[in-house]
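Have the viewer open as you read.

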Amino acid sequence: MNGTAPVHGTWEPRPAARWEDAFLSGNGHHGALVSGDPDDERVVVTHHTLVRPVGADEDRLPPRLAGALPALQDRLLAGDASAAETFTDGRPLRWVRPFHPAFQVRLRRPDGTGNGTGGGTGAPPLHRRSVDFRTGVAEATRAGRTGRAFVSRADDVIVQYVTGPDLTLDIRLDPRLPGAPRSLGVGHGAVLTAEGALLSLRARYPDSDLAYTGVTLVAVTGGTTSLAPPGVRVEGARSVLLLTRVRRHTGETDVVAEGRALRDLLTGDGPAEKGPAGSEGAGTRTARGTPAAPGVLAEAYDVLLARHLSLHRTAYERVTLDLAADPAERALPGSELLTRPRSAALLERLFAAGRYHLLSSGGLFPPRLTGLWTGDWDTAWSGAFTNDANLNLQTASAAAAALPEVTEALASLVQRQLPDWRDNAREVFGARGVVAPAHSDGESGHSYHFNREYPLHLWTAGADWLLGPLVDHDETRGAHDPRTTAALAEVALFYEDFLTRTDGEGHVVVVPSYSPENRPANAGWGTVNAAMDLSAARHALRTAADRHPEHADRWRALADRLPPHRINADGALAEWARPDLADSYDHRHLSHLYAVWPLHEITPYDTPELAAAARRALELRGPENDSAHGHLHHALIAARLRDAERVANALGRVLDGDFFHASLMSAHYPHRHVYNADAAHALPAVLIEALVQSTPGRLVLLPAPPADHPRGALHGVRTRFGALLDLTWTEDGATAVLRPTRTVRIELRTSDGAEPLDLVAHEDRVLTLRTR
């Protein structure tokens, strides 16, 4: 790190005392939480597939309610405010399967031995731990010893490399983590190999045939390796390299084959000639392993890192933010910087950390509520994919911030779950097409998490919201993903079958309707014509029509029959378009402003009256319980409404509220309460939206510029009309450089107004403008 450029990493002068402060690495499959403690290094291993089986499968199917739907619609349309509260199959609330950690890889200095870490009665040895966002490597150094760890995006393996004089370590896989069930069936394995040792840990879930197995290859240079059940002891070594993977499975897994695959990565020779000594179990062999030749482990580590960097570094460096921060503040450790919430250096680092963590948690799946990480089995809200706000806020920057890896992870999740979404549409609504659930564990897309207070099975807007980022991504690259195009047609088919009831003015009615996670002040939770449902239906039908000309007339006509938004007596955009439903203003969710963000249905340019009503609705919205996602959702909407002051205030609530751990991962509530990735992942989207907004036909520059940061540069943003954009600004003016990939005419919006802008493919265009 240097003081003349934004810091792409963070550091601390001491090990992490809490797992929440551990530095993070991940490849979208495996995750690692690295404490950076030379005397007792703890690397918590996670994997996106690790969700604990709980309860019977029949409780995880959507409720069969379609036969009773017409009667419910009749009652709601007749004004029965509580009709939806009994529209269930009588089951209790079932949370989705909870996400959990696998185990810790522990490298512990035995009591009374030296490890190059100092000792005696003198001053404690110097310590520094850091994580480099450009590489994904977490590193700790202390008195001649260095430990490094990263999760390879190329080889899907957790790599740990420890070097130093006279290394003496006890190494084991430790399942003892907070909240781990006592009835978890754990078995250990340890055998010596030519490289050093092979460790394994199998954990079988209570009352289930499911299990997961972790395998760690230990390779050693110098010294000796011996069995020390349940692990091994390395004495007098110069370097130790560990490669770890975890698999979730039924039955048994082939530890020997897993070890052979890890050895192949170590040697780079293709399939190993012979695997580890798998026939010798822990305690059956007392001979010492043969250490690797000098330089072999260093070379293996460098090769593994180089393969990883070709994917990770390329993705991370696509977009950067420079706020001309004080070099002295840029050099501070993260925990010290967090005590300066108005520091430009803090905002730079949080932007960089947010993109890094978002990239690192996106692969097999997009980020969970905790990203890809947790050190506790009792993960809040099951560590689920929460689709009625959180997942969408976390992935909000993916298209503009050039992270197609995250978008692809979301697309893959959607594709795997489409069959379950079809079941939801059929069983609850008697319709063709698809309905997305509000919560998912990644395994199931069925809508089974609901109760009276949160009738989430009635929410129909989820599919449009989840497909929205995929549509945005297609627009940035100028090509349609056929998977997205097909899914949009299924959403439109659902609305064809569902939108069959009409009001006295001939508008089709969304009934039942639900506005996450709020209710009218004078009615029950399930209602009629929630603003979010209206916007989602309109957007889904029109977007599907754009991609399916054979159905376009029919779907657009249906979209046009939806009722307009309502402005209430307070001059605010109403959360429910039905006039007899009163707004409840103090709530963390802002579902009713879906038309402003993420959609562009309501804008200050095209619909000024509705934009003014949306701004009034934002003014009236209270923070309720100070959830981080509520504040940043507020900021995203304010940016679309060109309200820079409100953006700054909402962002300030998060920066002032002690929401960030030393790891720069965030919490759900102030004072670092409840580990949660919403703020960490959504913050880059807020800053980008304040500086640059785009649609296929419009570019808005500096819509809500940060007054506290009058100088800066944002490089590499992708626009939805197919151009890369670099923006620099000062107190006197701004310059935007556009690098279009296709020829297009767009509207340019600045503080001076609007003008047409013609772009020619592969011809750079430089724009100069005044700042406000």
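This is a predicted model: local features need pLDDT of at least 70, side-chain atom pairs count only at pLDDT 80 or more; totals for chains, interfaces and linings use all residues.

**Two helix contacts**

Let's start with H11 and H12. Helix H11 covers residues 531-547 and helix H12 covers residues 552-560; their axes lie 8 Å apart, and the packing angle is about 160°. Angles over 145 degrees count as roughly antiparallel, so H11 and H12 are roughly antiparallel to each other. The crossing of H11 past H12 is left-handed. On the H11 side, the contact is made by Arg 538, Leu 541, Arg 542, Ala 544, Ala 545 and Asp 546, and these meet Ala 552, Trp 555, Arg 556, Leu 558, Ala 559 and Asp 560 in H12.

Now turn to H8 and H10. Helix H8 spans residues 404-429, and its axis comes within 11 Å of that of H10, with a crossing angle of roughly 20°. Angles under 35 degrees count as roughly parallel, and H8 and H10 are therefore roughly parallel to each other. Here too the handedness can be stated: H8 passes H10 in a left-handed crossing. H8 contributes Glu 408, Ala 411, Ser 412, Gln 415, Leu 418, Arg 422, Ala 425 and Phe 429, which meet Arg 483, Ala 487, Glu 490, Phe 494 and Phe 498 in H10. The residues in the contact of H8 with H10 divide into 7 nonpolar, 2 polar and 4 charged.

Some of these names return in a ring group: Phe 429, Phe 494, Tyr 495 and Phe 498 form one aromatic cluster.

**Aromatic pairs**

How many aromatic pairs does the structure hold? There are 14 aromatic pairs. One of them joins Phe 133 and Tyr 316, a tilted pair with 6.5 Å from centre to centre and 55° between the planes. Phe 133 sits in the loop between strand S6 (128-132) and strand S7 (137-142), while Tyr 316 belongs to helix H3 (residues 296-316), so the pair ties together parts that are 183 residues apart in sequence. Phe 133 counts as buried at 0% relative accessibility, and Tyr 316 counts as buried at 2%.

Tyr 454 and Trp 525 make another tilted pair, with ring centres 5.7 Å apart and planes at 50°. Tyr 454 is in the loop between strand S17 (439-440) and helix H9 (462-477), and Trp 525 is in the loop between helix H10 (482-498) and H11, so this pair links parts that are 71 residues apart in sequence.

**Selected residues**

| Residue | Relative accessibility | Class |
|---|---|---|
| Pro 63 | 0% | buried |
| His 357 | 1% | buried |
| Asp 474 | 3% | buried |
| Asp 708 | 58% | exposed |

Pro 63 is found in the loop between strand S4 (40-47) and helix H1 (69-77). Apart from neighbours within four places in sequence, Pro 63 is in contact with Asp 89, Arg 91, Glu 427, Val 428, Ser 447, Phe 450 and His 457. From C-alpha to C-alpha, Pro 63 and Trp 95 are 15 Å apart in space, and they are 32 residues apart in sequence.

His 357 lies in helix H6 (residues 344-361). Which residues does His 357 touch, not counting those up to four places away in sequence? They are Leu 24, Trp 373, Ser 663, Leu 664, Met 665 and His 681.

Asp 474 lies in helix H9. Beyond its neighbours within four places in sequence, Asp 474 is in contact with Ala 479, His 480, Asp 481, Thr 484 and Arg 547.

Our last stop is Asp 708, in the loop between strand S21 (698-701) and strand S22 (712-718). Asp 708 and Ala 648 are 60 residues apart in sequence, and their C-alpha atoms are 8.6 Å apart in space.

Conventions: Residues are numbered from 1 along each chain as its sequence is written. Side-chain values use heavy atoms; hydrogens and water are left out. Axes are lines fitted to C-alpha atoms, for helices over the stretch in contact, and angles run from 0 to 180 degrees between N-to-C directions. Helices (H or I, at least four residues) and strands (E, at least two) are DSSP runs, numbered from the N terminus. Angles under 35 degrees count as roughly parallel, over 145 as roughly antiparallel, 65 to 115 as roughly perpendicular and the rest as oblique. A crossing is left-handed if the near helix is turned anticlockwise from the far one by less than a right angle, and right-handed if clockwise. Contact means heavy atoms within 4.5 Å. Buried means under 20% relative accessible area, exposed over 50%, partly exposed in between (1.4 Å probe, protein chains only). Rings of Phe, Tyr and Trp (its six-membered ring) pair if their centres lie within 6.5 Å; planes under 30 degrees apart count as stacked, over 60 as edge-to-face and the rest as tilted. Ala, Val, Leu, Ile, Met, Phe, Trp, Tyr, Cys and Pro count as nonpolar, Asp, Glu, Lys and Arg as charged, and the others, Gly among them, as polar.
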